[in-house]
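Let's take a walk through a protein model together. Have a look at the picture below, and then we will go through it piece by piece.

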Amino acid sequence: MYQLVRKTLEVYLQEKRIITLSDISQELIVYSTKKDAVFVTLYYQGKVIASSGRISCKKENSLFECIDNSLLCLKDPRFLWEIQTVEMLSQVRIRVDIFSPQNRRVLQTIDDLDTTREGVIFLSQTMWVLSVILPHMVHVNSSANAYFELACKKANVDPHTLQKSDYVLYGLSTESSSDF
């Protein structure tokens, strides 16, 4: 799927149009029959410069979900205008994570998270926040507690003031593809 992201960004940056089915390689058309969630993460010089994703597919299929999230990365403030060129795009690395509802499970406590294969979804309906840490995205401290604290930080929530009734945690496994 990372090839679809690259093609989407190349065509948009070069021609200012959204790709069509005729622009997409045949091996990726299989995603038009799926309705899985898609996360796109872009890296430049080893750092995340843009990301976009949803915990459930909002478009008619995973193919269009990937295209939409690719284009949404262009709005990420970390993706500087200087990098948003066809020339610089060759230096941008791409990771795509795909998952279905069957790939997530409710965690009773953060200690139930298996960080060797899972990321975490932090959801608080009372605070109106959601954050996602994809599997294998934390490289410094990959403990379950580190995932939880990072998820809280992304949601702009102090983990020390939370009550268990304030949130729900999910363990999340994904199918990941990348060009690095």
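Start with Gly119, which stands opposite Leu172 in E7. This is a predicted model, in which local features need pLDDT of at least 70 and side-chain atom pairs count only at pLDDT 80 or more, while totals for chains, interfaces and linings use all residues. Residues are numbered from 1 along each chain as its sequence is written, and side-chain values use heavy atoms, leaving out hydrogens and water.

Strands of a sheet pair through backbone hydrogen bonds, either parallel or antiparallel. Here, strand E5 (residues 119-124) and strand E7 (residues 168-172) run antiparallel and are joined by five bridges; two strands pair if DSSP finds at least two bridges between them. Helices (H or I, at least four residues) and strands (E, at least two) are DSSP runs, numbered from the N terminus.

Now for the whole sheet: four strands form an open sheet with antiparallel pairing, in the order E4-E7-E5-E6. Strand E4 (104-107) and strand E6 (129-133) each have a single partner strand, so one side of each is left without a neighbour in the sheet.

**The cysteines**

A disulfide is a covalent bond between the sulfur atoms of two cysteines. How many disulfides does a search of the whole structure find? The search finds zero, counting a pair of cysteine sulfur atoms within 2.5 Å as a disulfide. Cys57 is in no disulfide, as the nearest cysteine sulfur, that of Cys66, is 10 Å away. Cys57 is also buried (under 20% relative accessible area, with a 1.4 Å probe and protein chains only), at a relative accessible area of 12%. For Cys73, the closest cysteine sulfur is in Cys66, 9.2 Å away and too far for a bond. Cys73 is buried as well, with a relative accessible area of 0%.

Methods:
Buried < 20%, exposed > 50% of the residue type's maximum accessible area, 1.4 Å probe, protein only.
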